[in-house]
Amino acid sequence: MILKSEFVAGTDESSNLLLLVIYLLKTEFPDVDESERADLLQRINLAYKKELEPSKKDHDTSSEKKTERELNTKKESKVSIAEEKPSILVEEPSAINKVVDPKKNDRPRKNLKLPQLKTIRKKPANKAHGLKKQKKLLILAGILLLISGIGIGILSTQSVGSDQIESYSKLVDQGKYSKALTEYPKQEFRLIETLYSQKKSDQLKKLADTNHSNLALFYWAFLNEKWSRVTGIKGISQNTTIQAMRGFAFVKQGKLEEAEIINQVLENETLQDQINQARKEEAYENLRNKDIKSAEVINNKIHDDGLAEDIKVAKSIVNLLKKYESDKENPKLSEAERAEAQNNYDLWAGNLEQLGGKVDGGE
């Protein structure tokens, strides 16, 4: 940024390194935190002050050597303060910001106390001194660029995660599911659950065939109610959701014992509801077959109030059926009475068959 920027020669921005750095931070890095700017300027300030120490000593030594010669040639060696201009000013932490107008001084004053500023005055043209000064500027510029490069690297590292998420989301939004799974394999579960929730059966099957994803095949089979395939697929990551889905598939296959074993540990409420519904249907089937005892055993496990009520109704119907069955075979009754008993038996048998109907509001 230093090399790219343009400054007008002879101005404060071009001659004062700290002003140059401050200018760059404001113009090229406006979003950098203010505390970070202050920290960077402080470090450059301290580094530059260390660099100035040898120069100051050299300057003092050179001045002492010239003292005797300057006394003999005072007229030639006098330098007007008005003609000298500080090239770089580095302010001490305790310095007071003051402006000294060199034009008000025709010559140096012996007891003049300036603010705590280290001043490097321009010397007569000296090629070696110019090279030395240029070298210092290049070193400081390199330090600034190195610090800036580190900061940019940290920002780039922090943004990698968000870039990946956006790239994945973009692929999904564009319907490039196979590419999304290939480039982001860790997002497999997320991608497949998304497709399942959207009921995209064809896309799940495509991922299963193209990307050889057993997880996609598992969800495809579940979505299409291929229960035996759901419980038979191997080679997929195990978690409570997958296990609960397998339990549900066992329920649909009538394998309630396997489902109950799975849910003893999972304690999944949805799976337990499905198991209870299946057990309830089984209990009603027992009632329709006049097996009251088996229905009662089931309800002792699931504790369903509606089933308990229907068990009582079924008991009364079964008792009536026993009576009518006996009456229609009783030779002591007239033919008309036996016929009536047969009609009553058929009526109540039909009522028992309709008991419960389909669970949860079915016909």
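1. Lys280 has a relative accessibility of 12%, so this residue counts as buried, the limit for that class being under 20%. The model is a predicted one, and the remarks below should be read with that in mind.

2. Lys280 is paired with Asp304 in a salt bridge, and their closest N and O atoms are 3.2 Å apart.

3. What is the nearest side chain of opposite charge to Asp310? That side chain is Lys280, 6.7 Å away. Asp310 is buried and has no salt bridge, because the pair would have to come within 4 Å to count as one. Asp310 lies in helix H16 (residues 305–328).

4. The side chain of Asp310 does have a polar contact, of 2.2 Å, with the side chain of Tyr284. Once neighbours within four places in sequence are left aside, the contacts of Asp310 are Tyr284, Leu287, Leu355 and Gly356.

5. The largest nonpolar core has 37 residues. Those that touch the most other members are Leu191, Ile192, Leu207, Phe218, Tyr219, Val230 and Val251. Helix H10 (residues 214–223) supplies the largest share of this core, eight residues. Another core, of 17 residues, lies apart from it and includes Tyr284, Ile292, Ile311 and Val318. Tyr284 is also the polar partner of Asp310.

6. For Leu191, residues up to four places away in sequence are again not counted. With that exclusion, Leu191 touches Tyr168, Val172, Tyr177, Leu181 and Leu207.

7. How many salt bridges does a search of the whole structure find? The search gives nine. One of them joins Lys323 to Asp327, with 2.6 Å between the closest N and O atoms. Lys323 and Asp327 are four residues apart in helix H16, so about one helical turn separates them. Lys323 is partly exposed at a relative accessible area of 44%, whereas Asp327 is buried at 16% relative accessibility.

8. Arg43 and Asp39 form a salt bridge in which the closest N and O atoms are 3.2 Å apart. These two residues are four apart in helix H3 (residues 34–72), and therefore about one helical turn separates them. Both ends are partly exposed: Arg43 has a relative accessible area of 43%, and Asp39 has a relative accessibility of 40%.

9. Two residues other than glycine with positive phi deserve a mention. For His212, phi is near 55 degrees. His212 is in the loop between helix H9 (201–210) and H10, and its relative accessibility of 66% makes it exposed.

10. Glu267 is not a glycine, yet its phi is positive, at about 55 degrees. The residue is found in the loop between helix H13 (256–266) and H14. With a relative accessible area of 63%, Glu267 is exposed.

Key. Residues are numbered from 1 along each chain as its sequence is written. This is a predicted model: local features need pLDDT of at least 70, side-chain atom pairs count only at pLDDT 80 or more; totals for chains, interfaces and linings use all residues. Side-chain values use heavy atoms; hydrogens and water are left out. Buried means under 20% relative accessible area, exposed over 50%, partly exposed in between (1.4 Å probe, protein chains only). Lys and Arg count as positive and Asp and Glu as negative; His and the chain ends are not counted. A polar contact is a pair of N or O atoms within 3.5 Å; within protein, one must be able to donate a hydrogen and the other to accept it, and residues adjacent in sequence count only if both atoms are side-chain atoms. Contact means heavy atoms within 4.5 Å. A nonpolar core is a set of buried Ala, Val, Leu, Ile, Met, Phe, Trp, Tyr and Cys residues joined through side-chain atoms within 4.5 Å.
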